[in-house]
Amino acid sequence: KLINKKMLLNVKSVSQHFFKKLNDLKNKYSFIKEVRGVGLMIGIELSFDAKEVVEKCLEEGLVISVVQNNVLRFLPPLIINKKDVTECVKILDKVLGEY
């Protein structure tokens, strides 16, 4: 089996954690317009071009992409854990703090 119940429970739990952490950032930064997604497919819409944010995140070791010029896209592996999410959000917070 490619996907089992334990993995799906992990995805649900980690996804909820990820959305909470990203919404905390949304409350911190007025330029975050929306946090949206399903499961671990997550987008953060910014009020400005996000290409530079993606480049700065990559320099810090966080691989994300940008779509529609202003939406940060997160597509982590299904085996990601809460510790990984916390580190991801820490890097993103550091980068966004420069704006």
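Predicted model: local features only at pLDDT ≥ 70, side-chain atom pairs only at ≥ 80, totals over all residues.
Biologist: Which pattern does the protein follow along the sequence?

Modeller: Helices (H or I, at least four residues) and strands (E, at least two) are DSSP runs, numbered from the N terminus. The protein has three helices and four strands. Read along the sequence, they give α-β-β-α-β-β-α.

Biologist: What radius of gyration does the protein have?

Modeller: The radius is taken over C-alpha atoms, and the globule rule is 2.2 Å times the number of residues to the power 0.38. For 99 residues, a compact globule would come out near 13 Å, and the protein agrees with this because its own radius of gyration is 13 Å.

Biologist: Is serine 15 buried or exposed?

Modeller: Serine 15 sits in helix H1 (residues 5–28). Leaving out residues up to four places away in sequence, serine 15 touches Gly39 and Leu40, where contact means heavy atoms within 4.5 Å. Buried means under 20% relative accessible area, exposed over 50%, and partly exposed in between (1.4 Å probe, protein chains only). The relative accessible area of serine 15 is 8%, so this residue is buried.

Biologist: Which residues does asparagine 70 touch, not counting those up to four places away in sequence?

Modeller: Asparagine 70 lies in the loop between strand S3 (65–67) and strand S4 (71–74). Asparagine 70 counts as buried because its relative accessibility is 17%. The residues that asparagine 70 touches, with that exclusion, are Ile44, Glu45, Leu46, Phe48 and Ala50.

Biologist: Which helix gives the largest share of the lining of the largest pocket?

Modeller: On a 1 Å grid over the protein atoms alone, a pocket is an open set of points with protein on both sides within 12 Å along at least five of seven lines, and lining residues have an atom within 4 Å of a point. About 180 Å³ of space lies in the largest pocket. Its lining has 13 residues, and the closest to the centre are Leu62, Val63, Pro76, Ile80 and Cys88. Four residues of the lining, the largest share, come from helix H3.

Methods
Residues numbered from 1 in each chain as written. Heavy atoms only, no water. 1 Å grid on protein atoms, 1.4 Å probe; cavity = no way out; pocket = protein on both sides within 12 Å on 5 of 7 lines; lining within 4 Å. Points joined across faces, edges and corners; volume = space filled by probe spheres on them.
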